[in-house]
Amino acid sequence: MPSTVEKLGPSRVKLTIEIPFADLKPHLDKAYKDIAAQVNIPGFRKGKVPAAIIDQRFGRGTVLQEAINAALPDAYGQAVAENELVPLGQPEVDVTKLEDNELVEFTAELDVRPDFEVPAYSDLSAEVPALVATDGEVDERIEVMRQRFATRSDKEGAAEAGDVVIIDLVASKDGEPIEDGSAEGLSYKVGSGGMLDGLDEAVTGKSAGDEVEFTSELVGGPAKGEKADIKVTVTKVQTESLPELDDEFAQMVSEFDTVDEMKADLAEAVQRMARVDQVNAASDAVITDLVAKTPFELPEAMLANEIEGRKQQISDQLARAGYTLERYLEDNEDETASTEEEFWAEVATNAETSLKAQIILDKLADDNEVGVDQNELTEMIFRRAQQAGTSPEQEMQHMMEHNHAPEWMGEIRRGKVLREVVAGAVVTDSDGNVVNVAAVRPDGTIDETVEAPAAPAKKAPAKKAPAKKAAPEKDAEAEADAPAEEAKPAKKAPAKKAPAKKKAEEAPAEEA
């Protein structure tokens, strides 16, 4: 079918497509057949109504419209393929010419992937935190295990730091109990400081049966952040004894016979997790560098829809968690934005970076003919089931019902390409050492067969130029307004200090 392409912008085109009547005829015949099977006309058996009678009763235009609607998808798809276009959204279709028994012409305006050049992987770079000693984290893990197997015994007398108190707690304001402000049988370790300001001071020195009142700021519930009167009743005081850190303990909590073996295994587990975190940090940094070094314009409508979708998602999550954006920004110390305007500006920037990264990776996957095999799709289904707490069969059913297969396969292709890009980039740690990202397996173990990349060549020190007159100092505001060299990595929706890794846009969790 003849077609022409008119470029309307860097990422938008107008396709003009002709459908000769010879190509339309099969659809026309089917339209007549379908209509004949649906109508009852005296003197004719159902399904045997002649075309001329259908034209007379319902109009030739009705039949043509049905035939054209049936023919458009194939004609559009063929034109897209012939002109090597990659659509980034649904087309706006308009029938511009209809000459009965001659031809049909229609136009389709659509956003397409723009042309751009991707830099060589070796031109990309990233710096990640250096791996640190694991002793501290190993000690913390062992302490958690000891706490888990701690024994408690009731104590006569006053509570001291390190003791555990069982308490009933009631919060009130102006004499009225606060909604969700009471609890019974709470276990609290004196001196841990992890519940309410003033609680440690209130219960220290108290015995079973004692009551104490104090004022504190609530840290949760509908009245979070408000001052309230707190009444605490100590129902029990207990001492806590931790098990000795010996070989017997190691045998009880692990598969190892000695403490040293258990510690060595914990150290290796911590190191593996640190390597995985390092690879994730490298991926984020490399994709940011890749986007910064691959300039192109996104379709306006596509970007606007993505930004609006993210805003809606974040607003819904905040609302479900009982947050306002203002309060979220106040409570989240890791949030880089200080105002709502700054927050939404970061959301827009991250949406743009994320979309560009997806488009670049899709292009690389197409150019390198990256495929997805059944095992890779099955692995993704199992991962999704594990994350969602469902069965692989349920995830498979969900994929089939909602036609997620193309979307999920696209994710797999992008992931495979991203690993190649990161493996080819120059990744160094904060100590200046080259990080062999390609050798790190998904579980954090090292593949010794993968050679480390060569260290980047150091530049020779520049010769000092002859002294010149001092240039006027840049104005501080002008310096601050200078454009950044790289965009920030895309951030996730706001989450309540648990999921996501990034700071911004981490709102009360729900979850995507």
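Lysine 46 sits in the loop between α1 (21–38) and α2 (51–58). Keep in mind as you look around that this is a predicted model. Is lysine 46 buried or exposed? Lysine 46 has a relative accessible area of 52%, and exposed means over 50%, so it counts as exposed. Setting aside residues up to four places away in sequence, lysine 46 touches Ala36, Ala37, Gln38, Val39 and Asn40.

**Charged pairs**

How many salt bridges does a search of the whole structure find? The search turns up 25.

| Pair | N to O distance | Where the residues lie |
|---|---|---|
| Lysine 30 and aspartate 34 | 2.9 Å | both in helix α1 |
| Aspartate 100 and arginine 60 | 2.7 Å | loop between β3 (92–99) and β4; helix α3 (residues 60–82) |
| Glutamate 268 and arginine 272 | 3.9 Å | both in helix α7 (residues 259–292) |

Take lysine 30 and aspartate 34 to begin with. They are four residues apart in helix α1, which is about one turn of the helix. Aspartate 34 is partly exposed, with a relative accessible area of 26%.

Now look at the salt bridge between aspartate 100 and arginine 60. Aspartate 100 is in the loop between β3 and β4 while arginine 60 is in helix α3, so this pair ties together parts that are 40 residues apart in sequence. Aspartate 100 counts as partly exposed at 34% relative accessibility, and arginine 60 counts as partly exposed at 21%.

The pair in helix α7, glutamate 268 and arginine 272, is again four residues apart, about one turn of the helix. Glutamate 268 has a relative accessible area of 33%, which makes it partly exposed. Arginine 272 is partly exposed as well, at 24% relative accessibility.

Salt bridges can also join up: Arg12, Glu92, Glu109 and Asp111 are linked in a network of them.

**A glutamate without a salt bridge**

Glutamate 105 belongs to strand β4 (residues 103–111). It is buried, yet it has no salt bridge. What does the side chain of glutamate 105 make a polar contact with? Its partner is the side chain of threonine 96, at 2.9 Å. Leaving out residues up to four places away in sequence, glutamate 105 touches Thr16, Ile17, Glu18, Val95, Thr96 and Lys97.

**A lysine with two polar contacts**

Lysine 155 is in the loop between β6 (151–154) and β7 (164–173). Its side chain makes a polar contact with the side chain of glutamate 160 at 3.1 Å, and another with the side chain of aspartate 163 at 2.6 Å. Among the residues lysine 155 touches, again not counting those up to four places away in sequence, are Val237, Gln238 and Thr239.

**Helices that cross**

Helix α13 (residues 405–424) meets helix α10 (residues 340–367): their axes come within 9 Å and cross at roughly 90 degrees. That makes α10 roughly perpendicular to α13. On the α10 side of this meeting you'll find Gln358, Leu361, Asp362, Leu364, Ala365 and Asp366, while α13 brings in Arg413, Arg414, Val417, Leu418 and Val421.

Helix α11 (residues 374–388) also comes up to α13, with axes within 10 Å that cross at roughly 105 degrees. That makes α11 roughly perpendicular to α13. Here the contact involves Glu376, Leu377, Met380, Ile381 and Arg384 of α11, together with Trp408, Met409, Glu411, Ile412 and Lys416 of α13.

**Two loop residues with a positive phi**

Aspartate 174 is not a glycine, but it has a positive phi of about 55 degrees. Find it in the loop between β7 and β8 (176–189), where it is exposed, with a relative accessible area of 73%. Asparagine 403 isn't a glycine either, and it has a positive phi of about 55 degrees. Asparagine 403 lies in the loop between α12 (392–401) and α13, and it is exposed with a relative accessible area of 56%.

Note on methods. Residues numbered from 1 in each chain as written. Predicted model: local features only at pLDDT ≥ 70, side-chain atom pairs only at ≥ 80, totals over all residues. Heavy atoms only, no water. Buried < 20%, exposed > 50% of the residue type's maximum accessible area, 1.4 Å probe, protein only. Lys, Arg positive; Asp, Glu negative; His and termini not counted. Salt bridge = Lys/Arg side-chain N within 4 Å of Asp/Glu carboxyl O. Polar contact = N/O pair within 3.5 Å; in protein donor to acceptor, adjacent residues only side chain to side chain. Contact = heavy atoms within 4.5 Å. Axes fitted to C-alpha atoms, helices over the stretch in contact; angles between N-to-C directions. Parallel < 35°, antiparallel > 145°, perpendicular 65-115°, else oblique.
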